[in-house]
There are 2 protein chains.
Amino acid sequence: MKGKETVFFKNAPKILGTGCIVGKNESDGPLAEYFDERITDGRYGEKTWEQAESKFHNTALEFALKKAGITANELGCILGGDLLNQCVAASFAWRDSGIPFIGLYGACSTFVEGLALAGQFVDASSFPTAAVSVSSHFCTAERQYRNPLAYGGQRPPTAQRTVTGAGCAIVGKSDKDAPEIKCATFGCVTDSGISDANNMGAAMAPAAYETLSTHFKNTNTVPSDYDLIATGDLGEVGRKILIDLLSRDGISLGDEYIDCGCEMFDIKRQDMHSGASGCACAATVFSGYIMHGLLKKRWKKVLLAGTGSLQSPLTVQQKETIPGVCHAVVIEV
Amino acid sequence: MKGKETVFFKNAPKILGTGCIVGKNESDGPLAEYFDERITDGRYGEKTWEQAESKFHNTALEFALKKAGITANELGCILGGDLLNQCVAASFAWRDSGIPFIGLYGACSTFVEGLALAGQFVDASSFPTAAVSVSSHFCTAERQYRNPLAYGGQRPPTAQRTVTGAGCAIVGKSDKDAPEIKCATFGCVTDSGISDANNMGAAMAPAAYETLSTHFKNTNTVPSDYDLIATGDLGEVGRKILIDLLSRDGISLGDEYIDCGCEMFDIKRQDMHSGASGCACAATVFSGYIMHGLLKKRWKKVLLAGTGSLQSPLTVQQKETIPGVCHAVVIEV
């Protein structure tokens, strides 16, 4: 089925609006001005971090609906997920919504996976509009994947910091000059033998390489055809590996390439090791910064590649290697 | 968006073949003859139960491909998931496959969620074929959700037993007289305040009630329009609640209603409390028993409703209530 990983949309599914909320460290980073809501209380007024993370979805959706100029009643479905066991942040968020919920798990690639599926639903006119909403939270992720926060564990230089926040995009049809999802390339689970759970960038880079290579081939494009190429959360380590892997094939990503995980923080000043990660990394950077650039026509053709690292604490204990996955969409205005 | 939860397919996506594998207790149940492979070793020759669960996917796909008469190379994508944290059973299964993987999480509703999405992809001609594969394993689920197996914990009468196995369906277009996915109704996250993680049937029944009610209304059908109505894994407790809830609206599910969780085991003889559950419950009962009945024209119009209970051990510890979700598809031959 080589050559068929890319789905081309025919009926112009568009991104009608996006919304995002981020935590304290993200608000202290260079992209702060682009986020709709910046909070300082990691509990967001709730009793638990998990409840806070659920509430992020509601806030991100509210901003996105407002900008899209539609109401929640007009949504055909919400697609989304998060990093928590059994994806409870996302599913609990929509408990009383009365909106059909389609749960996804693609680790940190979930936002782009959702954009691709929402694009498919809207392109086929199955739903007039669909929302994509994903979240992550440094505090819920740390205690689930690593150590209790109070333990104050040391993190190696390759470690990335989970973004606290949520991003949401509304996909629908419109005559308005909104950014359009042109196509989506779905990626394969790619394992290059990394077993260090503190080096997820290295685990994900080969998946990004596979998906981007496939995407360029299937769409008959080269990196310079895009005004911006953004990977989700490879961080400093993974970003370099991706550039290196592609360069061996004679492909240069060029100056238009960014990694959302490298953009989120002022890495040196904020002491963020290899950068940012988490479902909310690509989701908030896209919903805030990249969407702003698309609407301002700073970039007209964007390739967004969500990257996910597929492991659980149990598989790490069982000495399994860590595969990655990467899905990509092209967005044009 | 009331009335828009149901997506009607226009271009006849068909189920070209199914495959399934089950464990020892399922092989001792009344449906044993319908399963493609029955194993007695819960490790399936692997070092860990988790690796065994991953391998179930590969086996189920192999059977499904064989019956569909296609090769893995012809698949546009695999959609699927499981119950493990970060859905590692499914994603690890496809590590070396070279087939795009779209990860889903709908708890035990994942198989039907996947059928609906595969139907959408094939209906829109985005992929010529798509596979749906989901798994669960009693041993991996028990230690993750409840207690180490060696602990020998007592289970209350409302408890259900996680099915060990995997089911896979290949969706594609064909001139053959294969069962066709006519439409899909996507459900909302429904919470009726159940907080007992050993009573998932009660937690899921209200979601099944909501989705089925919506489905009957949107499709302008009544239960007697179907030759078979099957819910995923409500078990004895949830099944009765669903029948009761619908009867209050004057809707009788009739004799054609079964719950896969009640069919899998000889509940009394096998001492299975409220019945079976797990992603693989609906997936294997459909892929084995129901698909057999469709191909033999025993049933010509089937309503399959996957039911999922949305909780994690952490949310239960945090005293959260347990919402449910239910997605439904109509399959006709």
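**Figure 1. How the two copies are superposed and related.** Copies here are superposed by least squares on the C-alpha atoms of residues with pLDDT of at least 70 in both. This is a predicted model, and in it chain A can be laid on chain B with an RMSD of 0.0 Å. Getting there takes a turn of 180° and a shift of 0.0 Å along the axis. That is the relation of a two-fold axis. Which residue of chain A comes closest to the rotation axis? Look for L104(A), whose C-alpha sits 2.1 Å from the axis.

**Figure 2. Where chains A and B meet.** Now for the contact between the copies. Of the interface residues of chain A, 100% are also interface residues in chain B, so the two copies meet through the same surface.

**Figure 3. A salt bridge between D36(B) and K67(B).** Across all chains, the structure holds 26 salt bridges, and here's one of them: the side chains of D36(B) and K67(B) meet at 2.9 Å, N to O. D36(B) lies in the loop between α1 (24–27) and β3 (37–38) of chain B, while K67(B) belongs to helix α2 (residues 49–68) of chain B, so the pair ties together parts that are 31 residues apart in sequence.

**Figure 4. E46(A) and K55(A), a pair in chain A.** Zoom in on E46(A) and you'll find its side chain joined to that of K55(A) by a salt bridge, 3.3 Å from N to O. E46(A) counts as partly exposed because its relative accessibility is 29%. For K55(A) the relative accessibility is 29% as well, so K55(A) also counts as partly exposed.

**Figure 5. R269(B) and D266(B) in chain B.** Here the side chains of R269(B) and D266(B) come together in a salt bridge, with N to O at 3.2 Å. D266(B), at 31%, is partly exposed.

**Figure 6. A three-residue network in chain A.** Which residues are linked here in a network of salt bridges? They are D28(A), D266(A) and R269(A).

How values were computed. Residues numbered from 1 in each chain as written. Chains lettered and ligands numbered in written order. Predicted model: local features only at pLDDT ≥ 70, side-chain atom pairs only at ≥ 80, totals over all residues. Heavy atoms only, no water. Salt bridge = Lys/Arg side-chain N within 4 Å of Asp/Glu carboxyl O. Buried < 20%, exposed > 50% of the residue type's maximum accessible area, 1.4 Å probe, protein only. Helix = DSSP H or I, 4+ residues; strand = E, 2+ residues; numbered from the N terminus. Contact = heavy atoms within 4.5 Å.
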